[in-house]
Amino acid sequence: MPSWDVVADIQLLLQFHFMQNAFVAGTLVAVLAGAAGYFVVLRGQSFAAHMLSQVGFPGAAAGVLLHVSPVLGLIAFCLAAALGIGLASGQSGRSVDAGHRSESAAVGSILAFSLGLGLLFFRLYAGSAAGIYSFLFGTILGISDRDVELTLAVATISLGALVVIGRPLVFATVDPDVAEARGVNVQLLSIAFLVVLALAVAVTVQIVGTLLIFALLVAPGASALQLTARPGRALALSIVLSLAFTWLGLALAYFTDLPVGFFITSLAFATYVVVRGVNAAATLRSGRLRFVPA
Amino acid sequence: MQQMLALDFMRNAFVTGGCIALAAGLVGYFVVLRNQVFTADALGHVAFTGSLGGLLAGLNLLVGVFGSCIAVALAIGTLGGRGRGRDVAIGTVFAWVLGVGVLFLSLYITARSAATGSLGVSVLFGSILGLQPYQVVFGSITALATCAVMLLVARPMLFLSVDPDVAVARGVPAPALTALFLVLLAVTVAESVQAVGALLIFALMVTPAATAQNLSARPWLGMALSALIAVAVVWVGLVLSFYVPYPTSFFITSLAFAAYLASLAGRQIARRLA
């Protein structure tokens, strides 16, 4: 139980090795997810994030089944799916989204199949129900030293890549035609971003699970973009929010013994609702309608 | 075959699974036609939280599933949210709904014995072999009733889905029909959750319908094909899982996906030949 003495509480929180691992991995994940999430919302690719995380589920299960790290399985499946999405949207000339009828049916079929496959892998491993839950809804218990090292490597590479492609990516997202004319390779950039997104999804699943990925990968970016339109500020805000959700969520889960996924999704949802509410109130007060991207 | 049908739980699974698949195939045809795939997905998430919330409150599993699905379907109908372009907001809401579901699950497991630990898995991934007798009766009857109502309103529903403006001009009561469809959709999702689980309802509601629409553009034939494929997928999945000790839901999702891929390939070939 927390004593409400901050220093003592933090000591209490970090006394076990698994919590140290969870906090290190969580921090790395939050920074990467917050940064990538800003671009996800800006580019309207939240659906791709959803899809990548569900395709990652059998990957995690396969990693467990083959006695390698589940993170490795996640990375392999997510990367394959990202390249698939990249190729498919390159062929049809537009990005994969939920709006189109035949596309959403195709995507739904793939998602159900991949979740069914994940279930099979877990049964083959004869794992307990807890194993499935931790990959569907996240956990604070199961992060090994090896996972932390992998997460560090993935986060470093992905953040480095984002630093390199960040500026042209914003340009290419906001005005693809002008960017193209100025010599920016829009097609290559979008595939590069999908690869970064796949890596971000793969490590984020460790903390919040396949099904709750929106809470860390989309909600912080969406809230940040509601508050400010300036790229640098929104990006920083998205990272700060994502860090806050993760740290608070981990601490609350530790002290209450309730699932971490519940706390992180609730924090993300509450923040989003408050931000939207404040925005709506400001719009009403200024007496004019303003375009607010959803 | 005789050996298989001699088992009580297999007979139950064949009867109930068949009825549910019939309803899911029929209603699913309209889900794909009306591009409401993600409403079905959202209802699946709600079903997970609703069923566990119901259990936690001491109610029957079915009360929670049906109650929450119908309530949310009507809410979606009144808010008029078809979700296009608002996927960030919707995704955030439904991630939270699932998060609450996990909370209920963990509260329920701590409140009861540890033996209920697999309960969440059966809600998420289905437990067609473990149906209780009351679920068999209730599930079969509601599924057949859903089919009957769907067939009754199929004609105006087709009209409304294909050309809403002309349909309204011809006096089709669009709001009432849309609300009725959402209730049918909610009931079907709640039934399918028992068969294949909250996460895999796509395999019964979307994949057979998408396969049927690849095979035929004619509505009545498509509807029949969709229902037939759904039933075939469930029955073959049950037979396979009797001989091979893998989860039934895995076979059902894989068979549905294989049928979908085959229909895509068939369409490509037909296009080449034409």
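Predicted model: local features only at pLDDT ≥ 70, side-chain atom pairs only at ≥ 80, totals over all residues.
## Fold of chain A

Chain A is built from helices. It has 13 helices and zero strands. Read from the N terminus, the order of elements is α-α-α-α-α-α-α-α-α-α-α-α-α.

Chain A has 294 residues, and 52% of them are buried. Take the contacts in chain A between residues at least 6 apart in sequence: 73% of these join residues at least 24 apart.

## The contact between the chains

Chain A gives 43 residues to the contact, and chain B gives 42 residues. On the side of chain B that touches chain A, six elements each supply at least two residues: helix 3 (37-56), helix 5 (87-111), helix 6 (119-125), helix 11 (202-205), helix 12 (207-215) and helix 14 (248-273) of chain B. Helix 5 of chain B makes the largest share, with 14 residues. By class, this side of chain B has 26 nonpolar, 13 polar and three charged residues.

Gly116(A) lies in helix 5 (residues 101-125) of chain A. Gly116(A) is buried because 31 other C-beta atoms lie within 10 Å, and 20 or more are enough for that class.

Which residues does Gly116(A) contact, leaving aside its neighbours within four places in sequence? They are Leu200(B), Ala203(B), Ser249(B), Phe250(B), Thr253(B) and Ser254(B). Within chain A, Gly116(A) and Val64(A) are 52 residues apart in sequence, and their C-alpha atoms are 16 Å apart.

## Leu217(A), a buried residue of helix 10

Leu217(A) belongs to helix 10 (residues 214-217) of chain A. Leu217(A) counts as buried because it has 32 C-beta neighbours inside 10 Å.

Neighbours within four places in sequence aside, Leu217(A) contacts Ala33(A), Ala36(A), Gly37(A), Val40(A), Ala49(A), Ala200(A), Val201(A) and Thr204(A). Gly166(A) is 51 residues from Leu217(A) along the chain, and 17 Å separates their C-alpha atoms.

## Helix 13 of chain A

Helix 13 of chain A covers residues 260-286, which is 27 residues. From first C-alpha to last it reaches 39 Å, close to the 39 Å expected at 1.5 Å a residue.

The buried residues in helix 13 of chain A are Val260(A), Gly261(A), Phe262(A), Phe263(A), Ile264(A), Thr265(A), Ser266(A), Leu267(A), Ala268(A), Phe269(A), Thr271(A) and Tyr272(A).

## Helix 3 of chain B

Helix 3 of chain B has 20 residues. Its end C-alpha atoms are 29 Å apart, in agreement with the 28 Å it should span at 1.5 Å a residue. This helix is mostly covered, with 19 of its 20 residues buried. Gly58(B) follows helix 3 of chain B and has a positive phi, near 85°.

## A helix pair in chain B

Helix 2 (residues 8-33) and helix 13 (residues 219-243) of chain B pack against each other. Their axes come within 8 Å and cross at roughly 150°. Helix 2 of chain B is therefore roughly antiparallel to helix 13 of chain B. The crossing is right-handed.

Helix 2 of chain B brings residues including Met10(B), Phe14(B), Leu22(B), Leu26(B) and Tyr29(B) to the contact. From helix 13 of chain B come, among them, Met223(B), Ile229(B), Val234(B), Trp235(B) and Phe242(B). By class, the contact of these two helices has 17 nonpolar, six polar and no charged residues.

Most residues other than glycine have a negative phi. His67(A) has a positive phi of about 60° and is not a glycine. Asp257(A), also not a glycine, has a positive phi near 70°.

Where do they sit? His67(A) is in the loop between helix 3 (46-65) and helix 4 (70-92) of chain A. Asp257(A) is in the loop between helix 12 (231-256) and helix 13 of chain A. Are they buried or exposed? His67(A) is exposed, because it has 7 other C-beta atoms within 10 Å. Asp257(A) is exposed, with 9 other C-beta atoms within 10 Å.

Conventions: Residues numbered from 1 in each chain as written. Chains lettered and ligands numbered in written order. Contact = placed C-beta atoms within 7 Å. Helix = DSSP H or I, 4+ residues; strand = E, 2+ residues; numbered from the N terminus. Nonpolar A, V, L, I, M, F, W, Y, C, P; charged D, E, K, R; others polar. Expected span 1.5 Å × (residues − 1). Buried ≥ 20, exposed ≤ 12 C-beta atoms within 10 Å, placed from the backbone. Axes fitted to C-alpha atoms, helices over the stretch in contact; angles between N-to-C directions. Parallel < 35°, antiparallel > 145°, perpendicular 65-115°, else oblique. Left-handed = near helix turned anticlockwise from the far one by under 90°.
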